[in-house]
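These are my notes from going through one structure.

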Amino acid sequence: MINYAEIFSEKLHELKGSGTYRYFLNVNKSAQHFPTFYFEDPQGEKRKAINFCSNDYLAMSVHEEVISKLSFVANRAGTGSGGTRNISGTTIYHRELENALAKLHQQEAALVFGSAYLANLTALSVMGKLLTNAIFISDEYNHASIIEGIKASGAAKKIFKHNDLEDLENVLKSIPLNQPKIIVFESIYSMSGTVSPILEIVLLAKKYQALTYIDEVHAVGIYGQNGGGLTEQLQVQNGIDIINGTLAKGFGVLGGYIAGDQLIIDAIRSMGSGFIFTTSLPPAICAAAKKSIELLKADQHIRPLYQEKVRELRRLLELNKISYYSNDTHITPIPIGEEKRCKKISDLLLYEHGIYIQPIVYPTVKKGEACLRLTITAKHDTQHFQTLVDALRATIITNSESIVIIK
């Protein structure tokens with residue numbers, strides 16, 4: 001007789017033993033006190049901590065006008081859409097949001113999904129099936145949603161070394177010019193904070209007749225004059241065939257989307273099971289997301305001020321000789337290495353110092369490359385940073401043989 005419970009128990013035991021088991025903290029988020037939140041420790045005692053691992057970068061989830069818009073539309077339209085997009089689940093709020101996203105990215109059309117993961121999974125799987133004999137050319141560090149989308153397409157795939165233009169061109173050269181090909185990459189890689197050479201990739205795509213698909217989830221809202229991401233900042237939006245983005249990070253709400261040529265978007269809309277067979281986002285969520293996009297387009301100061309906060313944090317880290325991976329983005333990874341040590345440091349930060357930074361472990365990163373990924377928000381201030389640095393000095397430095405800034 002098969003003992004299924006024992007099989008699952010053994011697998012979980014292996015995860016716990018390797019330090020890669022994922023523990024969730026029940027965060028009692030407060031819009032009034034963000035980024036400070038409340039939680040209960042294992043003894044049931046109420047505690048508070050400062051969140052340094054939120055993707056709500058510009059704190060738009062706690063913006064009064066975004067909250068007000070969500071509440072207003074929920075009162076008028078209800079809490080749910082009541083159906084899939086093709087069965088009563090397309091409301092005026094969905095169309096208005098998609099129009100706003102298309103305009104933001106200077107594209108002909110946009111399509112909203114329940115998440116950016118689902119958008120990647122659906123869009124890539126459809127593209128691979130529609131283009132006969134297509135081949136995906138994917139950066140080796142691409143997100144799990146991209147990997148799963150390519151796999152679901154059934155199309156062939158070639159991997160190029162991370163951000164390596166020479167290797168990318170060698171891959172392109174190895175494929176017949178008349179064979180459909182799609183270069184898939186991210187603008188900002190969320191674990192390392194590395195930035196892709198977007199313009200150069202676009203030029204290679206034109207040279208070798210390839211489509212381009214870029215994941216901008218960690219850039220939209222934060223970069224570009226209007227928050228359109230790095231493609232807007234570099235003025236190459238029209239050179240990209242499909243842009244994937246999220247409404248859940250820089251815009252602080254929920255959902256994902258793709259934007260691109262009308263024909264491509266319509267094909268994915270018409271044939272993507274991940275779009276057709278799932279209930280659409282609630283109208284209030286769409287309205288709140290559109291309001292957030294409008295606010296961030298209008299506020300030309302929030303992005304420079306946010307980046308100055310990132311620089312302030314890093315100056316404090318350097319002053320206190322705390323190592324981090326230097327990059328040109330807002331993501332600040334602190335290397336730890338061994339998974340169990342990373343979890344121990346994370347626990348010490350939380351329970352002894354009131355600092356919340358979830359450990360990033362395998363399979364999100366390679367084994368032995370666990371890290372603490374700092375992501376600050378527009379609501380963090382100098383006192384928050386000083387509290388963080390003091391806590392890091394008390395935990396990481398006392399447990400490390402050498403401290404260097406990794407350029």
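**Entry 1. Ground rules.** I count a salt bridge when a side-chain nitrogen of Lys or Arg is within 4 Å of a carboxyl oxygen of Asp or Glu. This is a predicted model, so I noted that local features need pLDDT of at least 70 and side-chain atom pairs count only at pLDDT 80 or more, while totals for chains, interfaces and linings use all residues. Residues are numbered from 1 along each chain as its sequence is written, and side-chain values use heavy atoms, with hydrogens and water left out.

**Entry 2. Salt bridges within helices.** I started with Glu148 and Lys151, whose side chains form a salt bridge with an N to O distance of 3.5 Å. Both residues are in helix 5 (residues 144–153), three residues apart, which is about one turn of the helix. Helices here are DSSP runs of H or I with at least four residues, strands are runs of E with at least two, and both are numbered from the N terminus. For exposure I used relative accessible area with a 1.4 Å probe and protein chains only: buried is under 20%, exposed is over 50%, and partly exposed is in between. Glu148 comes out as partly exposed at 32%, and Lys151 as exposed at 57%.

I then looked up Glu294 and Lys290, which are joined by a salt bridge at 2.6 Å, N to O. These two are four residues apart in helix 11 (residues 283–298), so about one helical turn separates them. Glu294 is partly exposed at 36% relative accessibility, and Lys290 is partly exposed at 22%.

**Entry 3. A salt bridge across the chain.** Which residue does Asp56 pair with in a salt bridge? The partner is Lys29, at 3.8 Å from N to O. This pair links distant parts of the chain, 27 residues apart: Lys29 is in strand 1 (residues 28–29), and Asp56 is in the loop between strand 3 (46–51) and helix 2 (64–77). Is Asp56 buried or exposed? Asp56 counts as buried, because its relative accessibility is 6%. Lys29 has 45% and counts as partly exposed.

I also noted a network of salt bridges that links Arg85, Arg95 and Glu98. By the rule in Entry 1, the count comes to 11 salt bridges.

**Entry 4. Backbone exceptions.** I looked up two cis peptide bonds. One runs from Phe34 to Pro35, with omega near 15°; Pro35 is in the loop between strand 1 and strand 2 (36–40). Another joins Tyr362 and Pro363, with omega about 10°. Pro363 is in the loop between strand 13 (359–360) and strand 14 (370–374).

I then turned to positive phi values. Gln106 is not a glycine, yet its phi is positive, about 55°. Gln106 is in the loop between helix 3 (92–104) and strand 4 (109–113), and is partly exposed at 46% relative accessible area. Asn133, also a residue other than glycine, has a positive phi near 65°. I placed Asn133 in the loop between helix 4 (116–130) and strand 5 (135–139); at 56% relative accessibility, Asn133 counts as exposed.

**Entry 5. Cysteines.** How many disulfides are there? With a disulfide taken as a pair of cysteine sulfur atoms within 2.5 Å, the count is zero. Cys53 is in no disulfide, and the nearest cysteine sulfur, that of Cys342, is 11 Å away. Cys342 is in no disulfide either; for Cys342 the nearest cysteine sulfur is that of Cys371, 6.5 Å away. Cys342 counts as buried, with 0% relative accessibility.

**Entry 6. A buried threonine.** Thr231 lies in helix 8 (residues 230–233). Thr231 counts as buried, because its relative accessibility is 0%. I listed what Thr231 contacts, where contact means heavy atoms within 4.5 Å. With neighbours within four places in sequence set aside, the contacts of Thr231 are Ile198, Ile214, Glu216, Val236, Gln237, Ile240 and Ile243.
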